Amino acid sequence: MKDELMIDSFPELIARPSIKIERYTAADAFMEAFEEAGVNFIFSNLGSDHPTIIESLAKAEVLDLPMPEIILCPHESVALSAAQGYTQVTGKPQAVFVHLDVGTQNLGGAVHNVFRARIPVLIFAGDTPYTVEGELQGSRNTPINFLQDIFDQRSIVRPYVKWEYELRTGQNVKQLLYRALQIAQSDPKGPVYLMGAREVLEEEISPADIPYNGWSPIEPTALSNTDVKQLAEDLVNANNPIIITSYLGRNHEAVAELIKLSDKLGIPVLEVNRSYVNFPSDHPLHLGFVPDAFVKDADLILVLDCDVPWIPSKISPADNSKIYYVDIDPLKEKIPVWYTPSEKFLRVDSLVALQQINAQISEADIDKNKKDERYGRIHQIHKSQRLEWKQKETLTDKVITPEWLTACLNEVIDEDTIVLNETITNDLAVFQHLPRSKPGTLFTSGATSLGWHGGAAIGAKLAKPDKTVVALTGDGTYLFSVPASVHWIAQKYNTPFLTIIYDNQGWNATKQNVLRLHPNGVANQINRFWVNFDSPSDLAGIAAAAGGAYARTVKEPDELKEALLEGLNAVSEGRCAVIDVRIKPISQK
């Protein structure tokens, strides 16, 4: 047996002669495969389906075998958000282990987030034992083994994963794991779900040397020569072109190529539903985050890595505008109703496409006068925008505004600080008043389920332990993040970060949606929306109780900067901090 050979080769076991390792199981091969595939962390909430996994981890510890680090997570949605945050920062997929059907359900909206944001992550759940009378090792032995037996556990996540399957034999567990990671990392990237029963994991097998390097993701796609020439020609000839992007910055190299294209032709860039730093906020051709004023006047729109470049019910491009949709997923095949009529839909990696376009344009005859005139005109709009934004960074009636809060934060952090933004209705204030220009220094969930920021901050700190991590959230979203679980994990695994709560004492997103549909309705007339928190909790105190965080609630403007500095100081000393900043309530009822 493999384990017996290993025991003979490890002298440290002499100190523990009573330890016996008799079997090499499918679980041993499975866990080896994670290490061989380069997975650094397994964010887990282990249960009755994982005894053989736990036994395998114990054997690896005794034998001093390398294994991914297990991060215990008292709530599954935090585990998946942490895996997402780590992958957003590094690009490397991680794993999440959950308990059967109930653990899978407890992933909640975090599965939506990794799916819509195209985050490669492997989710593994146990399956209920399929033998009842002790026929096989791992057979049912508690009442919950019966109660957790459902007809189609994989259906819980089927609409939200790229691929799902179950382990049926121990003979090919490594191949299945490698295939799962290969699919997860191939564009369009996304989560995969694998499950296996205890009997399979307990199966005794022979060790197999199956190298991971034969399972690389598919190579990035490129534009055809015809498409490159046509797109470059139209960009050069356009009079009023714009570029719209949301998540191009997931690949840092693509940002430099976008800057190169923008500078070369004097084309402005808009970041719509920004998920990453896609284009430097301080660049003269950055036109902000709201497309409405520019889409209708553009004669060419290049959409790069963006799901919703504009809202058709609010704004539409001109009839004669040429639209090119360049995206690894240009048809949004997993969104049932979606359409943006375009000249062409080009399924291509944006970095590769930009490199091709820039190479083609380098040989083009560019009208310098037209380019310089446009550059100057856009720069003036850029400066006017920033001046208008700056004027909002003032106090009125000694009420802390989102704009002023964000401007104060901007004064106390540096350009290398990693900022996670989940303020939702205050997103625009954050983007406008906290300019970020370095790729990899700003992230959002990239989707719509709330509560991502807490777990994501843990993942980001694990990925970049030398960086300061700041998570921005609303009060409702803070509660969605399961803060007690978040701060327990952060304290246990030494991942300190600063949380700032934009506390408007209610659900502003719900109120705003009512006003969009019924601006003159009765709810607005009587100011009654059923969204306010009548008695705000000690939100910061939750983190203090669960994880020893520095906790402070700020109601007065003159306390704010000092509180932010105190919070950052606590983080630098290895302690989480939560600053609950009370801004103007959204409603009195």
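This is a predicted model: local features need pLDDT of at least 70, side-chain atom pairs count only at pLDDT 80 or more; totals for chains, interfaces and linings use all residues.

**Starting inside the core**

Author: Let's start with Val96. Skipping the neighbours within four places in sequence, Val96 is in contact with Phe43, Ala79, Leu80, Ala83, Leu107, Val121, Leu122, Ile123 and Phe124.

The largest nonpolar core has 53 residues, and Phe43, Ile71, Leu80, Val96, Leu420 and Phe497 are the ones that touch the most other members. There is also a second, separate core of 47 residues, with Leu235, Cys306, Tyr324 and Leu346 among its members.

You'll find Thr104 in helix α5, which covers residues 100-106. Is Thr104 buried or exposed? Thr104 counts as buried, because its relative accessibility is 2% and the cut-off for buried is under 20%. If you leave out residues up to four places away in sequence, Thr104 touches Val98, His99, Ala125, Gln153, Ile156, Val157 and Tyr193.

With 41% relative accessibility, Val132 counts as partly exposed. Together with Phe146 and Leu147, Val132 makes a nonpolar patch on the surface, and the three have about 320 Å² of accessible area together.

Next, look at the charged side chains. The structure holds 29 salt bridges. In one of them, the side chains of Arg118 and Asp307 meet, at 2.8 Å from N to O. Arg118 sits in the loop between α6 (109-116) and β4, while Asp307 sits in the loop between β9 (300-304) and β10 (322-327), so this pair ties together parts that are 189 residues apart in sequence. Are these two partners buried or exposed? Arg118 counts as buried at 9% relative accessibility, and Asp307 is buried too, with a relative accessible area of 18%.

Salt bridges can also link up into a network. Asp152, Arg154, Arg158, Glu164, Glu166 and Arg168 are joined that way.

For another kind of pair, go to helix α14 (residues 368-390). Asp372 forms a salt bridge with Lys368, and their closest N and O atoms are 2.7 Å apart. Both residues are in α14, 4 residues apart, which is about one turn of the helix. Here's the general rule behind that: an α-helix has 3.6 residues a turn, so residues three or four places apart point the same way. Asp372 counts as partly exposed at 32% relative accessibility, whereas Lys368 is exposed, with a relative accessible area of 56%.

A further salt bridge joins the side chains of Asp416 and Lys438, at 2.5 Å from N to O. Asp416 is in the loop between α15 (402-412) and β12, and Lys438 is in the loop between α16 (427-433) and β13, so the pair ties together parts that are 22 residues apart in sequence. Asp416 is partly exposed, with a relative accessible area of 28%, and Lys438 is partly exposed as well, at 32%.

Zoom in on β12 (residues 418-422) and β14 (residues 469-474): they run parallel and are joined by 5 bridges. Glu422, for example, has Thr473 in β14 as its bridge partner.

After α19 comes Asn494, which has a positive phi, near 55°.

Asn494 also leads us to our last stop, Gly574. Setting aside neighbours within four places in sequence, Gly574 is in contact with Asn494 and Pro496. Gly574 lies in the loop between α23 (557-572) and β17 (577-582), and it counts as partly exposed at 40% relative accessibility. Finally, compare Gly574 with Thr441: they are 133 residues apart along the chain, and their C-alpha atoms are separated by 20 Å.

Terms used: Residues are numbered from 1 along each chain as its sequence is written. Side-chain values use heavy atoms; hydrogens and water are left out. A nonpolar core is a set of buried Ala, Val, Leu, Ile, Met, Phe, Trp, Tyr and Cys residues joined through side-chain atoms within 4.5 Å. Buried means under 20% relative accessible area, exposed over 50%, partly exposed in between (1.4 Å probe, protein chains only). Contact means heavy atoms within 4.5 Å. Patches are made of residues with over 30% relative accessible area and no salt bridge: like charges are joined within 9 Å, nonpolar side chains (Val, Leu, Ile, Met, Phe, Trp, Tyr) within 5 Å. Accessible areas come from the Shrake-Rupley method with a 1.4 Å probe; for residues, only the protein chains shown count as cover. A salt bridge is a side-chain nitrogen of Lys or Arg within 4 Å of a carboxyl oxygen of Asp or Glu. Helices (H or I, at least four residues) and strands (E, at least two) are DSSP runs, numbered from the N terminus. Two strands pair if DSSP finds at least two bridges between them.
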